[in-house]
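Biologist: I am new to this structure. Could we go through it together, one topic at a time?

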Number of protein chains: 2
Amino acid sequence: MFHSTTTQYAIRGLSELAVRAGQESMMLDQLTAGTDLPREFLAKVFQQLVKAGILTSSKGRGGGFTLARPTHQISLMQIAQAIEGPGACDGCVLGLSECADPAPCPEHDLYKPIRQRLNDYLSTTTLADLAASVKCRKG
Amino acid sequence: MFHSTTTQYAIRGLSELAVRAGQESMMLDQLTAGTDLPREFLAKVFQQLVKAGILTSSKGRGGGFTLARPTHQISLMQIAQAIEGPGACDGCVLGLSECADPAPCPEHDLYKPIRQRLNDYLSTTTLADLAASVKCRKG
DNA sequence: AGCACAACGGCGGTAAGAATCCATTATTGA
DNA sequence: TCAATAATGGATTCTTACCGCCGTTGTGCT
């Protein structure tokens with residue numbers, strides 16, 4: 001796998017939110033109903049996304065979570081970094097610490113173009129793309 | 001990261017073996033000396049590689065581990081699968097189980113070419129490439 | 001003001017991965 | 001045959017990710 005399951009939950013949760021609520025507000029109970037998303041854990045994940053500025057939240061009656069920006073301005077890369085910290089998508093195939101040192105890991109050069117492409121994909125693909133893809137299948 | 005740390009140890013251990021011993025035999029003590037590879041843990045990892053047919057081993061005095069095939073016949077993909085099992089490099093970006101279901105995950109199509117390229121890289125890159133890259137830097 | 005509601009945050013448990021220790025087995029050399 | 005050696009395998013510890021429980025805090029409605 002490329003992302004941790006926590007990050008995957010973040011992506012799926014946000015994706016659900018984008019499809020079902022768009023820029024509107026939505027509660028966790030509604031969002032996780034009918035899905036296999038673990039409500040309690042997703043609550044934790046969403047808190048991280050609030051702190052990262054991807055979501056906004058409001059308490060009490062009528063409260064819930066809302067996307068802080070339009071769907072096309074939230075990329076997979078931003079989500080991953082919000083959960084796993086900056087540099088989440090750095091690091092070489094081998095995961096060598098030496099990659100940061102003066103002597104980069106042997107595979108650095110070979111893997112470089114692949115990682116570049118992967119990073120491009122993660123940076124340019126947004127929640128809007130996910131939502132569109134989901135709606136297309138349902139329609 | 002893409003691979004588990006266990007897989008990374010496998011790759012690094014085999015890479016060391018390829019560079020320092022080639023097709024010859026080498027003991028764990030020698031191999032891990034001067035590196036940050038955890039000897040005891042690498043012993044476990046190497047056992048998996050023996051069972052997977054990537055390494056051969058011999059006990060007792062003069063024993064050690066030897067590559068079961070020429071370096072150019074051992075790919076990163078084979079190593080990863082030996083550790084993480086078959087299908088280690090399958091699965092979509094989102095890690096959705098629905099990818100196997102009649103309704104593939106929304107990003108399946110978008111991510112497909114990237115994964116294809118990644119798998120190509122892992123399948124075609126071998127220990128010979130790693131060893132050559134390492135020697136190049138040292139020389 | 002008071003009540004219901006929903007996010008917030010601390011704590012705790014389970015499971016898998018990572019790593020170590022030690023006893024056992026097999027091999028070589030003297 | 002005996003001793004030294006090095007991999008093998010079992011058991012155990014430690015860490016981290018994943019997930020749930022529950023009290024707290026803040027908000028809106030009546």
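Biologist: What should I know about the model and its numbering?

Modeller: This is a predicted model, in which local features need pLDDT of at least 70, side-chain atom pairs count only at pLDDT 80 or more, and totals for chains, interfaces and linings use all residues. Residues are numbered from 1 along each chain as its sequence is written, while chains are lettered from A and ligands numbered from 1 in the order in which they are written.

Biologist: Back to the helices: which residues make the contact between H1(A) and H4(A)?

Modeller: A:Thr6, A:Thr7, A:Ala10, A:Ile11 and A:Leu14 of H1(A) meet A:Leu76, A:Ile79, A:Ala80, A:Ile83 and A:Glu84 of H4(A). Two residues are in contact if their C-beta atoms, placed from the backbone, lie within 7 Å. By class, the contact of H1(A) with H4(A) has seven nonpolar residues, two polar and one charged. Ala, Val, Leu, Ile, Met, Phe, Trp, Tyr, Cys and Pro count as nonpolar, Asp, Glu, Lys and Arg as charged, and the others, Gly among them, as polar.

Biologist: Now the DNA. Which residues come nearest to DNA strand C?

Modeller: A:Ser57, B:Thr5, B:Thr6, B:Pro38 and B:Gly60 come nearest, out of 26 residues around DNA strand C. A residue counts as near if its C-beta atom, placed from the backbone, lies within 6 Å of the strand.

Biologist: Which element gives the most there?

Modeller: H3(A) does, with four residues of the surface near DNA strand C.

Biologist: And which residues come nearest to DNA strand D?

Modeller: Of 24 residues around DNA strand D, the nearest are A:Thr5, A:Thr6, A:Pro38, A:Gly60 and B:Ser57. Here H3(B) gives the most, with four residues. The surface near DNA strand D has nine nonpolar, ten polar and five charged residues.

Biologist: Finally, how many helices and strands are there in chain A?

Modeller: Chain A has six helices and two strands, in the order α-α-α-β-β-α-α-α from the N terminus. Helices (H or I, at least four residues) and strands (E, at least two) are DSSP runs, numbered from the N terminus.
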